[in-house]
Amino acid sequence: MEHTPGPWNDNGGQIEGHGGYPNVIATVGKVNEQSNQDTANALLIAAAPDLLEAVTRLFGWHGSQQAEIYRREGRSETWRKSNEVYSMAVDAIARAKGVTA
């Protein structure tokens, strides 16, 4: 399953993607009559492809960093917290891609 490539933009409550042509990904609230929360939601949705890319890259980098922390400190509090965030990233990536982690 593939999503429409980014960037996505908020155009008055319509989230538009450009997978070769402009298309509406989602509509948030009433178009051009948005509350502050609608605007915040639209901006968050529009940022989704960039957020997914950043988390996916961080996910790859994290493995080597986690091994280094473990080598230096063992199962320290830093290692535990880092592992917790890593697990959150795994789950978020899986949800975004429509797969089970």
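Reader: Let me begin with one side chain: is E84 buried, partly exposed or exposed?

Author: Happy to start there, and do keep in mind that this is a predicted model. The class follows from the relative accessible area: buried means under 20%, exposed over 50%, and partly exposed lies in between. E84 has a relative accessible area of 45%, so E84 is partly exposed.

Reader: Which residues are linked with R80 in a network of salt bridges?

Author: R80 is linked with E77 and E84. The closest N and O atoms of E77 and R80 are 2.6 Å apart. E77 and R80 are three residues apart in helix 3, which again puts about one helical turn between them. As for accessibility, E77 is partly exposed at 43%, and R80 is partly exposed at 39%.

Reader: How many salt bridges does the count come to?

Author: The count comes to three. R57 and E53 sit four residues apart in helix 2, so about one helical turn lies between them. R57 counts as exposed because its relative accessibility is 62%, while E53 is partly exposed at 41%.

Reader: Now a charged residue without such a partner: how far from E16 is the nearest side chain of opposite charge?

Author: For a buried charge, look at the distance to an opposite charge, then at the other neighbours. E16, in strand 2 (residues 14-18), is buried and has no salt bridge; K30 is the nearest side chain of opposite charge, 19 Å away. What E16 does have is a polar contact of 3.2 Å between its side chain and that of N11. Beyond four places in sequence, the contacts of E16 include W8, N23 and I25.

Reader: And D38, is it buried or exposed?

Author: The cut-off for buried is under 20%. D38 has a relative accessible area of 19%, so D38 is buried. D38 belongs to helix 1 (residues 36-46). Leaving out neighbours within four places in sequence, D38 is in contact with V28, G29, K30 and E33.

Reader: Which residues does W79 touch, not counting those up to four places away in sequence?

Author: Contacts like these show which parts of a chain come together in the fold. W79 lies in helix 3 (residues 77-97) and touches Q66, I69, Y70 and G74. W79 counts as buried because its relative accessibility is 13%. Looking along the chain instead, D91 is twelve residues from W79, and their C-alpha atoms are separated by 18 Å.

Reader: Last topic, pockets: which element gives the most to the lining of the largest pocket?

Author: The largest pocket holds about 180 Å³ of space. Among its lining residues are H3, W8, P49, L52, I93 and A96. Helix 2 (48-73) and helix 3 are the elements that give two or more residues to that lining. Helix 2 gives the most, with five residues.

How values were computed:
Residues numbered from 1 in each chain as written. Predicted model: local features only at pLDDT ≥ 70, side-chain atom pairs only at ≥ 80, totals over all residues. Heavy atoms only, no water. Buried < 20%, exposed > 50% of the residue type's maximum accessible area, 1.4 Å probe, protein only. Lys, Arg positive; Asp, Glu negative; His and termini not counted. Salt bridge = Lys/Arg side-chain N within 4 Å of Asp/Glu carboxyl O. Polar contact = N/O pair within 3.5 Å; in protein donor to acceptor, adjacent residues only side chain to side chain. Contact = heavy atoms within 4.5 Å. 1 Å grid on protein atoms, 1.4 Å probe; cavity = no way out; pocket = protein on both sides within 12 Å on 5 of 7 lines; lining within 4 Å. Points joined across faces, edges and corners; volume = space filled by probe spheres on them.
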